[in-house]
Structure formats: C-alpha cells, structure tokens
Amino acid sequence: MSRIAICVDLYQIPLMTLSAGSGVRMAAAMLLFCCSVLPLPAAGAMRDTDLSSQKKPAAVKQAPADSQKKRAGPPPRESFTLAEQDIAAIPGIPDARFFADSAADFERALPPAPGPWLALSSGGADGAFGAGVINGMTESGKRPDFAVVTGVSTGGLMAPFVFLGAKYDDRLRDAYTTITAADIFELGGRGESFFDTWPLRDLIAKRVTPELLNDIAAEHRRGRRLLIMTTNLDAERPVAWNMGAIAAKGGDKALKLFRDILLAATSIPGAFPPVLIDVEAAGHKFQEMHADGGLNNQFFVAPESLMASDSGFRLPATDLYIIVNTRLTPDFQPTERDTISILGRGVSVGVKTLTRTMIDQARAIAKRSGVGFHLSTIDSKFSAPSRGPFDPDYMKALFNFGSEQAKTGLAFQQ
C-alpha cells in the first residue's frame, strides 16, 4: 500500500474564529483530515470543549481590498491529457522539478559529490523545534555543511534558510517565534478551500527576497541541492522541486515560482487553497494544481522504490540527518466522547505510526549505505501546552527547547 499522510491537529483549528458553531467546526475537521501540517496536541493541552482557557486570538488581518469583494468561485481550468502531463515542464527551467517517485529522475538530480544530507519533516507550528535545533547546532559549532537539504510542508518553509547556513539563522528563528495564526490564514475561501492563505502568501513574499534567491543560486552552483516537496493533485504524484535550479535562473518569474512552491508545499487540500503552476507541454500551456507535500511523505530522503528493503540503492551521502517536527511518544489523555476528540486522537496515532515507519526505512537505508544516521524528534520531556494555532509562547518555548537540546548534544540519536 502506498504511504498516505493522514492528518492534522484537529484541536488546532482556529475555533475562536468559527462563529457558526459545532457544525462548522466538524466540517472543518473533516476538510482537514488529509495531512500532518499542524502539530498534534500534547497531553493535557487545551481541548475543543475548553474554549474558556484560550488566549484571545490575534487580531484578524484584513484581506487586501480586491479580495474583500464578493468572493466568486474559481474559473474553469484549461484541460490537458495524461500524455501532456508526463512531459510538462516549467518554461525556461527544464530541471526545475521531477516526480519524486521516479528513481531515475531522482538520481539525475543528486549533487556531484557526496556529503551529509538533511531531511526536514512536516509539523506546522512544531517546526519551531527544528528551527531551534538548527540554531543550536550552529551555536555548538557542530553544524555540518549539508550537501542536500529536503523539506516537506513546514520543513519546506524552513529549508531555504537552513540550506543557506548560519547567515540566515536569525531569519529562521524569527519565522518560527514571531508569527501568529493571523499571519498564516483567515476564514473564508473562494470555493477551493475552507480557509484563505493570503496572509502566508504575503509573509513568504516578504521573506523570500531576491537576495535569498541569489544566495541559493550560488550554493547550487557549488554543487549543493535544495529539494522541496509538493503533491501534484492532477497526477496524484509527489513532486520534488530543485529550488537551486530555479534560483539560478533568476529574474522575476523565478522569484514568483520559488514563492509559489513554498506556498503550495503547505497547502492542505480542502483546508487551504491549492496553488496553480504554469507549465508547458509540446507548445500547450496549462496549469498544474499543487498542494501539500505531506500527502505522500512526512519527510523525504529518496523515492519509495529506492527505500524498499529489497532495493540495492545506496545513498551517495556521508551522513543522514533527519529532524522530525512531531512527537512520536504516546500522550496519555482521556478522550472526550465527541466526534472531534475521537477523530483527533485517532489521527494522532496514525501520524505517529506512519512517521515511525518512515524512520525505520530511513535508518535501514543509512545502514545499507554505510552512512551515519542521526535522528532528532520532540522529546517527551517537552510539555509546554499550546493554547491555539501558532501560539507564539508555545513556539518560542519549543524553539528554545530544540536549541538547548542541540547545544548540549542531546538533539540527535543514532
């Protein structure tokens, strides 16, 4: 069976913004039952039925004037065939991406020389942990110069900053310690989703600058590789974007594509709107629909066929580092007898089981390849509660925890 990345923290739905009552909350829960972008709750964390203990939500941002007009449904899409999809490419950047389930395309995209690899997982606001670990590694003086960095979902958002090294540590820290839910989404889609992510689009535009693109292009020319995952909903296949190749193209179109990919990488189907990306096949121009990369992988090391136990593939790496922005240990908590609580606990079990299976595969391929294996996950010792989606206090605490774990040498296990 193919890997299916189920779910999100259903308690992290912005309940204070939903005025239509439990029916809307349940609809939102079902819409969000698709991938692990938002973090799962810790034991003892706020429950849906305990709204009185929540902090007041951050002030809701006002959408740009043009989006405040009456929301119309999306226009019809240009039709295209499977044959066209198979040969579709980004105009002017033929090496911009590849289907991440293709072993041959994956091997062609690899760097010319071996080095340490880093895979950054999904996890929503819990990406603050990974950001803290990276900052702590810098402070400890034990941060490798990663030859390959891959990112899924929230891992995709942090990956460009991680790829560029200590120079961007401050920006990475700010990205995970200064935002609120109002910086990510607002209620009200346009027929494609329950929420609108125009705030996140604006935030990405501010933080992904021409300077950042130039720096990534320089590292790409050195032979390093930055891969960010999305899911092509039309093809139902994972896509790996070669962000260095896109950055090396330069110009306004490359900058827009780079930003669009980051937005698509965290677009939960049904909850957040998908991102349409312009492609061309044999002179026919059309748009592909891309969404969250976590639908296929919680983190990405290599295509599934190469990770299989009967594969002879060996990673051309010297070490494999994986940062999992998710708790993997069981969290005891008596479950309320309501739909959202039961569904949320079921999702928690599913995400943890899937992630542990992927970790076992990664450990096995590292052993088969004769390379060091280094895994970092959110330790059960961290117990700060999250009082809402993208709670700044929770994220700061988690960032500091990850940083201290890395500085003291406790962040990674073999």
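Tutor: Axes here are lines fitted to C-alpha atoms, for helices over the stretch in contact, and angles run from 0 to 180 degrees between N-to-C directions. The model is predicted, so local features need pLDDT of at least 70 and side-chain atom pairs pLDDT 80 or more, while totals for chains, interfaces and linings use all residues. Residues are numbered from 1 along each chain as its sequence is written, and side-chain values use heavy atoms, leaving out hydrogens and water.

Student: At what angle do helix α5 and helix α6 pack?

Tutor: Two packed helices are described by the angle between their axes and the distance between the axes. Helices are DSSP runs (H or I, at least four residues), numbered from the N terminus. For α5 (residues 154–163) and α6 (residues 169–177), the angle is about 155° and the axes are 9 Å apart. Angles over 145 degrees count as roughly antiparallel, 65 to 115 as roughly perpendicular; α5 and α6 are therefore roughly antiparallel.

Student: Which residues of α5 and α6 meet?

Tutor: Contact means heavy atoms within 4.5 Å. Thr154, Leu157, Met158, Phe161 and Val162 of α5 meet Arg171, Leu172 and Tyr176 of α6.

Student: And how do the axes of α8 and α10 cross?

Tutor: The axes of α8 (residues 210–221) and α10 come within 11 Å, crossing at roughly 90°. These two helices are therefore roughly perpendicular. From α8, Pro210, Leu212, Leu213 and Ile216 take part; from α10, Ala254, Leu255 and Phe258.

Student: What else does Phe258 contact?

Tutor: Leaving aside neighbours within four places in sequence, the contacts of Phe258 include Pro160, Val208, Met243 and Ile246.

Technical notes:
Angles under 35 degrees count as roughly parallel, over 145 as roughly antiparallel, 65 to 115 as roughly perpendicular and the rest as oblique.
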